[in-house]
Amino acid sequence: MPAIELRQVTKTYPGGQAPAVRSLSLAVQPGSLVTLLGPSGSGKTTVLRLVAGFERAEAGEVLLAGRLVSGDGTWVPPEKRGVGMVFQDYALFPHLTVTRNIGFGYRGPDRQARIEEMLALVDLTSYEARYPHELSGGEQQRVALARALARRPVVVLLDEPFSNLDAALRAHMRLELRRILRAANATAILVSHDHADALGISDRIVVLNDGSVEQTGSPREIFGSPANWFVATFMGQRNLLKGVVGADGRSVQTGLGTLPCPGAHAFQADDPVYACIRPDRLQVTDNGEIHGTITGLTYGGSTLDAIVDVGATPGVEQLHLQLPPDADVRAGQRVGLHVAPASVTLVPDGDR
Ligand code: ADP
Ligand code: MG
């Protein structure tokens, strides 16, 4: 039985022209971490608020551990749902110490022991007497998480937990958050607009766009086999060429010619697709099958990112390349490009 389930939930805000969430269904298995990934305004926070009971859907059902909490005439208020929420701004009480923030609203006889357990879990034992303004962003986030977990919620909801953290801390907190949620055996929905966060931390990813689910899958499925153009571009794919599947089941015909594609057999001949070429698999070589001019170079430390103008080709003007940082190339240079074997994946083009 899923720990969290939404069945065809629709939510329109008062005065909103279109629903913020449209007939959305999703299920989260106990003990797993699901990320809602989507651009700003896609309905991510609204989904969390519907699960927590801060918003009421006009249609559909919400179930927690199999129990109906919203829909079909039933309404369970937020405080009776057993949901712990970590808000985007953490929402700590500024006038309370770390200890009192974590223990807020916890009335069990084991209150002190539970607070100490939570302090240890989030690795803040020596910070108990501090106030929120005496903590870094990452520490505040851990307090918010400890507060949410202290009451042993059925599920934990985290809204953009990494958005206030700098890049180095983000990577660290991804690992920390996973460790803490696993140690607490928590079921969690995390919201993010960052595909790297989602890939790094999730058991499953639900890609949202405009209040609807575009694709659900494991990080590898979502990244490796995006269901459509939206998911592919949102996961950071840059080189998407319009094409059709070749009759041999091993190639794709694009404006840049016929490209080898081992995965083509999963499609029908002549299916409209996007051929997705990984930037790190395009090689600069004199006898490449594609020709173009380097128009931009960006040094990124471990890579050199190049933009190659491939000219008057229908549907595509530029290809993005990820070269070794010491690659011997310069802006304005004419280059040939070779597509390394097994570098092209196909994305269905549902619009044609
Ligand atoms: P996300 O978290 O993905 O950025 P939200 O769930 O916050 O998206 O918002 C989804 C849509 O609902 C947006 O168009 C937003 O403007 C609208 N919206 C969110 N909250 C409210 C509200 N309280 N009243 C009216 N419209 C809202
Ligand atoms: Mg939001």
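In strand 11, Gln215 is the bridge partner of Val207, and the two strands concerned, strand 10 (residues 204–209) and strand 11 (residues 212–217), run antiparallel and are joined by five bridges. Strands here are DSSP runs of E with at least two residues, helices are runs of H or I with at least four, and both are numbered from the N terminus; two strands pair if DSSP finds at least two bridges between them. The hairpin of strand 10 and strand 11 has two residues between the strands, and Asp210 takes a positive phi near 55° there.

This is a predicted model, in which local features need pLDDT of at least 70 and side-chain atom pairs count only at pLDDT 80 or more, whereas totals for chains, interfaces and linings use all residues. Residues are numbered from 1 along each chain as its sequence is written, chains are lettered from A and ligands numbered from 1 in the order in which they are written, and side-chain values use heavy atoms, with hydrogens and water left out.

Strand 15 (residues 272–277) pairs with strand 21 in the antiparallel sense over five bridges, and Val273 has Pro348 as its bridge partner in strand 21.

The largest nonpolar core has 32 residues, and Ile102, Leu145, Leu149, Leu158, Leu177 and Leu181 have the most contacts inside it. Such a core is a set of buried Ala, Val, Leu, Ile, Met, Phe, Trp, Tyr and Cys residues joined through side-chain atoms within 4.5 Å, where buried means under 20% relative accessible area (1.4 Å probe, protein chains only). Helix 4 gives the largest share of this core, seven residues. Leaving aside neighbours within four places in sequence, Leu181 is in contact (heavy atoms within 4.5 Å) with Leu33, Leu145, Leu158, Ala186 and Ala188. A second, separate core of 27 residues includes Leu36, Val47, Leu50 and Val191.

Arg114, in helix 3 (residues 111–121), is buried, because its relative accessible area is 8%. Not counting residues up to four places away in sequence, Arg114 touches Tyr106, Leu149, Ala150 and Arg152.

Terms used
Buried means under 20% relative accessible area, exposed over 50%, partly exposed in between (1.4 Å probe, protein chains only).
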